[in-house]
Amino acid sequence: MPDSETTYARIYAVVRRIPRGRVATYGQVAALAGMPHAPRVAGYALHALSEGSPVPWHRVVAAGGKLSLGKLSPDGAVTQRLRLVKEGVKFDGRGCADLSACRWSAGLDDTPSRTLRSKRKR
């Protein structure tokens, strides 16, 4: 397995591609970075960012759109939510980012995932 510096660099490269107003899950980021079964590695990489980093860490959420920073720091979850709301991300009644409306579809256009949309109609 590559060293953590190389691995983290791949994760940061993916996160930098997430456009304003969109979110991706830790699992999605890990898969796009070449580690499809390692969402925790994406979390570790984002946790390792220095304060003030230009990497848009706030655009990465847990499965189901959940903001997971509250476990580490309640202020972090509030900051993440405020940044996402400012970018136009909508939240559901459970406080989760609405993935059906704002999930990033890497490699496609900048619209919500076609897979999610088609599954909801069934």
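User: Which exposed residues does α1 carry on the face turned away from its buried side?
Analyst: A word on the basis: this is a predicted model, where local features need pLDDT of at least 70 and side-chain atom pairs count only at pLDDT 80 or more, while totals for chains, interfaces and linings use all residues. Residues are numbered from 1 along each chain as its sequence is written, and side-chain values use heavy atoms, with hydrogens and water left out. Buried stands for under 20% relative accessible area, exposed for over 50% and partly exposed for in between (1.4 Å probe, protein chains only); helices (H or I, at least four residues) and strands (E, at least two) are DSSP runs, numbered from the N terminus. On that face of α1, the exposed residues are E5 and R16.

User: Within what arc do the buried residues of α1 fall?
Analyst: The buried residues in α1 are T7, I11, Y12, V14 and V15. Taking the directions from the helix axis to the C-beta atoms, they line one face of the helix, because they fall within an arc of 160°.

User: How far apart are the end C-alpha atoms of helix α1?
Analyst: Helix α1 runs over residues 4-17, which makes 14 residues. The expected span is 1.5 Å times one less than the number of residues. That gives 20 Å for α1, and the model agrees, because the end C-alpha atoms are separated by 20 Å.

User: Which elements are included in what covers the buried residues of α1?
Analyst: Seen from α3, the buried residues of that helix pack against α1, α2 and β2. Seen from α1, the cover of its buried residues includes α2 (26-32), α3 (39-47) and β2 (60-61).

User: Which residues are exposed on the other side of α3?
Analyst: The buried set of α3 consists of V41, A42, A45 and L46. These fall within an arc of 135° about the axis, so they line one face of α3. On the other side, the exposed residues are R40 and H47.

User: What does A24 touch, not counting residues up to four places away in sequence?
Analyst: A24 lies in strand β1 (residues 24-25) and counts as buried, at 0% relative accessibility. The C-alpha atom of R103 is 5.8 Å away, although 79 residues separate R103 from A24 along the chain. With contact meaning heavy atoms within 4.5 Å, A24 touches I18, V29, R59, V60, V61 and W104.

User: What is the relative accessibility of P54?
Analyst: P54 is found in the loop between α3 and β2. Its C-alpha atom lies 9.9 Å from that of Y12, 42 residues apart along the chain. P54 counts as exposed, because its relative accessibility is 73%.

User: How many disulfides does a search of the whole structure find?
Analyst: C96 is buried at 7% relative accessible area, and C102 is buried at 3%. A disulfide would be a pair of cysteine sulfur atoms within 2.5 Å. The number found in the whole structure is zero.

User: What pattern does the chain follow, read along the sequence?
Analyst: Its secondary structure comes to six helices and two strands. Along the sequence, the order is α-β-α-α-β-α-α-α.
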